[in-house]
Amino acid sequence: MGELEAVTEPEEIRHLTAMARSQPWAGGPRTHWMKLTPVRLTGRRVAHES
């Protein structure tokens, strides 16, 4: 659960584009970035004991 907003600052868009570790699943160029700010986290914590 969270708040979603479009990223519009040119510097932030350049940074996100440069740091992206994957490509859009649908293929082709994508220029629209969205930012999700978590409001509430739910679920279970999974920890690996080493």
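The questions and answers below concern a predicted model of one protein chain.

Reader: What pattern does the protein chain follow when read along the sequence?
Author: The secondary structure comes to one helix and two strands. Read along the sequence, these elements give the pattern β-α-β.

Reader: What radius of gyration does the protein chain have?
Author: The C-alpha atoms fill a box of roughly 40 × 25 × 20 Å along the principal axes. A compact globule of 50 residues would have a radius of gyration near 10 Å. For the protein chain, the value is 15 Å.

Reader: Of the contacts between residues at least 6 apart in sequence, what percentage join residues at least 24 apart?
Author: A contact here needs heavy atoms within 4.5 Å. Among contacts in the protein chain between residues at least 6 apart, the share joining residues at least 24 apart is 74%.

Reader: How many charged residues are in the lining of the largest pocket?
Author: The largest pocket holds about 230 Å³ of space. Its lining is made up of T17, A20, S22, Q23, P24, G28, P29, R30, T31, H32 and W33. By class, four of these residues are nonpolar and six are polar. Arg counts as charged, and the number of charged residues in the lining is one.

How values were computed:
Residues numbered from 1 in each chain as written. Predicted model: local features only at pLDDT ≥ 70, side-chain atom pairs only at ≥ 80, totals over all residues. Heavy atoms only, no water. 1 Å grid on protein atoms, 1.4 Å probe; cavity = no way out; pocket = protein on both sides within 12 Å on 5 of 7 lines; lining within 4 Å. Points joined across faces, edges and corners; volume = space filled by probe spheres on them. Helix = DSSP H or I, 4+ residues; strand = E, 2+ residues; numbered from the N terminus. Rg over C-alpha atoms; globule rule 2.2 N^0.38 Å.
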